[in-house]
Each structure stands twice: as structure tokens, then as C-alpha cells.
Amino acid sequence: NRAYSITEDKRLPFSLLINILGGPCANSRLNVNVRERNGLSYNIEASYTPYSDCGMAVIYFSSEHCNADHCREIIDSEIRKLQDTRLTTRQLSMAKRQYIAQMTISTEGNEGYMLGVGKSLLSYGEVDTLEESYRKINAVTASEILDPTTGMTPWKTAKNSMANRIQGPVFQTSLQTEPMRVQKPPRSSPR
């Protein structure tokens, strides 16, 4: 789904929102409700990638075909909860701390750190210190996350339903209805 570009101010609240919804930690809302509570998927995640002119927001899950509709219902429900209910002060604080910790860990390796520096330099002409990045994250408010023009716009459809959106042709082709069959290469005859 289309999301915010790398130059838009709304990208940071949206990035935090995506992390709350389906970030890489076991306590993301989708992981807790789809995987842990209902056992419908081994892997579920949400990601956001900002580009120069727009961004891309994706929710990915793997499940048995018979569980796909139930997964979509839970995803839609979690999105509606985030749209309708402001995060509490405690929830927002915990989400920010987790996001900052993930950011800090990602900069521990030289390659990840240098890729981030290069991306920032190319996109903005400057590089924020980690402390400046932390300050920006801590400045995000619950209102910015709940604001429909900040958070969930990319998932709004005619019926305001993610489940309706992901039944389109792109997602239908990715649903595997039969087990994969691996073909063995032909045996070469001995010489």
C-alpha cells in the first residue's frame, strides 16, 4: 500500500505505528494476536519503506490457505483498533523505548550504521546523531499516531477494511493453495 515518502514529516509517526502493529518483536499486535493467541501463522510482520516520492507499507503473513481469511479478519480488527483508540501514555512510552532500542541495536554493526548514514546524507544532506533521532522519536504524540492523515490512511479502502484490500489480484496470486512440489533434476547417465 502507498505510504509516506522519506521527506514527509508524517513518516516518523507512521514508522512507529507500523512497529507497534507488526514490527520485528514478539510483542507486536499482529504477532501476539495472529501467531501467539490464535496459532494461525508462523510468521507475520508489517513493514514500511519510505522512498523519495512515496513509501510502501506492507503486511505479510504466512499461513495455511484455510486460515488466510481468519488472519485477514484479525489484521483488519487490529488496524481498526489503532484507528479508533488512542494509545495510552504507557503504551506509547513502551513503544518508543522499544523502537529506540531496535534503532540502537541496528547501528551496532558498521555496515548497518554506514548504510543509515549514507541514506540520511543522500535524502536530507545531513546526518542526525542518535541523540537527535531519539529526541524526534520521543516527541511523537499519541495524537499524531491516531490522526487518520498520519497513521492509517494507506489502508483505508471503500469499506475502510484492510481485508477487502488484500483480496486483490496481487495478494491472491501469493496464496498457495497446494503444497509445493519440488521436481527432481533428471539423472545424468554415467559415462
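**Close-up views of a predicted model**

View 1. The model is predicted: local features need pLDDT of at least 70, side-chain atom pairs count only at pLDDT 80 or more, and totals for chains use all residues. Residues are numbered from 1 along each chain as its sequence is written, and side-chain values use heavy atoms, with hydrogens and water left out.

**View 2. Three strands make an open, antiparallel sheet in the order β1-β3-β2.** β1 (2-3) and β2 (43-50) stand at the edges with a single partner strand each, so one side of each lacks a neighbour in the sheet. Here, strands pair if DSSP finds at least two bridges between them; strands are DSSP runs of E with at least two residues, and helices are runs of H or I with at least four, numbered from the N terminus.

**View 3. Tyr4, Phe14 and Tyr48 are linked into a cluster by ring pairs.** Rings of Phe, Tyr and Trp (its six-membered ring) pair if their centres lie within 6.5 Å; planes under 30 degrees apart are stacked, over 60 edge-to-face, and the rest tilted. That gives two aromatic pairs. The centres of Tyr4 and Phe14 are 5.5 Å apart with planes at 80°, so this pair is edge-to-face. Phe14 and Tyr48 are also edge-to-face, at 4.9 Å centre to centre and 90° between the planes. This second pair links helix α1 to strand β2, 34 residues apart.

**View 4. Arg35 lies over the face of Tyr42, 4.7 Å from the ring centre.** For this, CZ of Arg or NZ of Lys must be within 6 Å of the ring centre and within 35 degrees of the ring normal.
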